[in-house]
Amino acid sequence: MVERKEYDAIWFGGGAAGRFGAAFHKALGGRPLIVEEHHLGGECHVCRCAFENFFSDQASMAELMRLYSGKSWYPKIDLSHISAAKASELYRKVGQRAFADTMKHQTEKQLGVEVAWGKGKLIDKNSVEVNGKIYKGKNLVIGTGSRPTMPNIPGINLPGVMTYKDHPEMKTDPKKMVIIGGGKIGIGKAAMFAPFNIEVTVLEKYTCLPKWDRDVRNFIFRDFKRRGIKIYEGIDVKEIKGKGKVESVVAQFNGETMEFPCDAVMVSIGLTPNSESAIPLGVKIGKGNEIIIDEGCRTNVPGVYAVGDATGPPYFMAIARKRGMIAAKNIMGEDAKMDYSFVPDHIYLPPLEATSVGLTEAEAREKYGDVVLIQVPWGPKPKDPKPEEYYPGFENQGLPVCGRMHTLNLLFYGQNRNGLVKAIVDPKSRKYLGFHSVGDGAKTAFQYLSYLLKIDWTVDQMANLHEIFLNAEHFIQLSRLVAGQKELKGFAAQVYLEEDYLCR
Ligand code: COM
């Protein structure tokens with residue numbers, strides 16, 4: 001049976017890119033149809049952004065309970081029932097369903113976007129079959145998402161090997177976990193699992209978080225060392241061993257074979273775009289399996305667009321949604337282009353988080369020569385801070401602190417994990433080049449800071465904003481302290497190298 005109505009575009013896949021694109025398309029006055037098999041919003045609320053947010057909150061709570069238990073006025077907290085599996089179960093039972101309902105309600109009822117529910121089959125670029133019915137569209141937008149990249153090694157299919165996809169499905173609590181891949185997902189997962197009494201080791205073939213600022217990386221590695229999370233860089237995983245389930249991971253490190261006993265493995269080495277369904281249409285596919293698009297999200301086949309993770313990196317929800325928006329505009333006759341400049345990035349590090357936008361210090365020095373740093377805290381952290389005690393070194397490490405309640409607590413309760421705030425400025429133009437933060441709650445500001453970078457925001461303009469003291473990213477007050485300098489010097493620089501926190 002053929003549906004008589006012809007749509008302006010069929011959005012093949014209702015994930016972040018397809019859902020936002022179709023909604024934008026409708027808002028522009030077009031007639032979109034989404035074809036979706038499982039859930040609107042794609043993997044976000046199933047196992048990605050929304051789930052990570054929830055699980056990270058659970059991990060923060062667990063970590064803080066452990067840290068504060070019995071100190072000062074805090075009661076002793078019994079952590080014997082702490083459970084990552086229980087946290088995942090709650091999300092499965094409530095979170096996944098609540099989010100799925102919300103996405104459906106918002107898209108269909110509130111925004112009036114039509115959805116054909118079921119597994120879609122692309123017949124040609126103007127026809128999609130769903131449950132035996134053919135839907136016709138003038139344009140097609142492919143938004144089929146991505147999947148975890150899996151290494152081709154023995155044991156990869158053993159029970160106990162998981163990816164971000166299976167994380168919400170956890171039914172038992174592992175004792176020892178090996179994480180293969182130290183990108184932002186692997187590092188984030190390590191920080192999330194450790195608070196649940198899981199011994200975590202991260203094995204990274206190359207470099208962990210290579211694109212992040214040195215000070216942020218240092219903070220994370222130091223923090224991980226204090227928490228007992230081990231990191232190996234330059235290690236090549238060869239095999240996952242086990243009889244009937246995961247028992248260890250075997251890897252080559254510095255020419256030696258090492259074996260890491262574990263009862264769970266999390267694979268996080270990257271993502272592979274789901275582009276296979278587009279191949280019969282003659283759409284060009286790149287080396288990384290991505291659908292190749294131009295700046296306007298057009299493929300090489302006229303009338304066929306592609307959006308979201310299916311088109312390759314950056315794999316980031318904002319980019320997926322914006323690709324949807326750009327495709328919608330172009331379907332409606334505009335000539336819109338994607339802008340990939342100043343995309344902020346973020347890592348969950350419960351109880352904190354790291355956020356970054358713009359250039360790192362190294363990139364800024366390479367491009368601009370001398371740069372000015374507006375940064376706190378400064379200098380190496382004291383080695384072994386005692387809980388609830390004043391110690392020399394607070395003057396460099398203590399104030400101003402970044403974050404809501406937890407970063408001050410993290411300082412005074414002896415962990416010395418009060419994050420960092422770092423802005424990088426070009427002293428000649430006085431423009432910001434990059435912002436970096438580890439703290440509690442800076443994500444919100446970075447959405448707007450990325451725009452300020454784009455419009456060439458200066459230290460002097462920042463000094464004129466109205467800060468609400470104290471906040472997670474106090475760039476305003478820190479900038480005001482130095483903005484009077486005719487020749488901008490920032491804070492007296494104490495460039496230092498932290499000790500090496502990686503496993504050797
Ligand atoms: C978020 C998914 S849960 S979407 O980007 O809002 O569709």
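## Salt bridges and an open sheet

The side chains of R147 and E276 meet in a salt bridge, 2.9 Å from N to O; the term covers a side-chain nitrogen of Lys or Arg within 4 Å of a carboxyl oxygen of Asp or Glu. This pair links distant parts of the chain, 129 residues apart: R147 sits in strand 7 (residues 146–148), and E276 is in the loop between strand 16 (271–273) and strand 17 (304–306). Helices (H or I, at least four residues) and strands (E, at least two) are DSSP runs, numbered from the N terminus.

A quick word on ground rules. This is a predicted model, where local features need pLDDT of at least 70 and side-chain atom pairs count only at pLDDT 80 or more, while totals for chains, interfaces and linings use all residues. Residues are numbered from 1 along each chain as its sequence is written, and side-chain values use heavy atoms, with hydrogens and water left out.

Searching the whole structure turns up 36 salt bridges. One of them joins E108 to K104, with the closest N and O atoms 2.7 Å apart. Both residues lie in helix 4 (residues 84–110), four residues apart, or about one turn of the helix.

For accessibility, buried means under 20% relative accessible area, exposed over 50%, and partly exposed in between (1.4 Å probe, protein chains only).

| Residue | Relative accessibility | Class |
|---|---|---|
| E108 | 24% | partly exposed |
| K104 | 38% | partly exposed |
| R147 | 29% | partly exposed |
| E276 | 36% | partly exposed |

Then there's D215, which forms a salt bridge with K422, the closest N and O atoms being 2.7 Å apart. D215 lies in helix 6 (residues 214–227) and K422 in strand 21 (residues 420–426), so the pair ties together parts 207 residues apart in sequence. D215 and K422 are both buried. They also belong to a salt-bridge network with D213, R214, E361 and R365.

Five strands make up an open, antiparallel sheet in the order 18-19-22-21-20; two strands pair if DSSP finds at least two bridges between them. Strand 18 (345–349) and strand 20 (372–376) are the edges, each with a single partner strand, so one side of each has no neighbour in the sheet. From one strand to the next, the twist averages 10°.

Strand 18 and strand 19 (residues 352–358) run antiparallel and are joined by five bridges, with I347 opposite A354 in strand 19. Helix 11 (residues 443–454) packs on the sheet, touching strand 18, strand 19 and strand 22 (431–439), where contact means heavy atoms within 4.5 Å. Its direction makes about 5° with that of strand 19; axes are lines fitted to C-alpha atoms, for helices over the stretch in contact, and angles run from 0 to 180 degrees between N-to-C directions.
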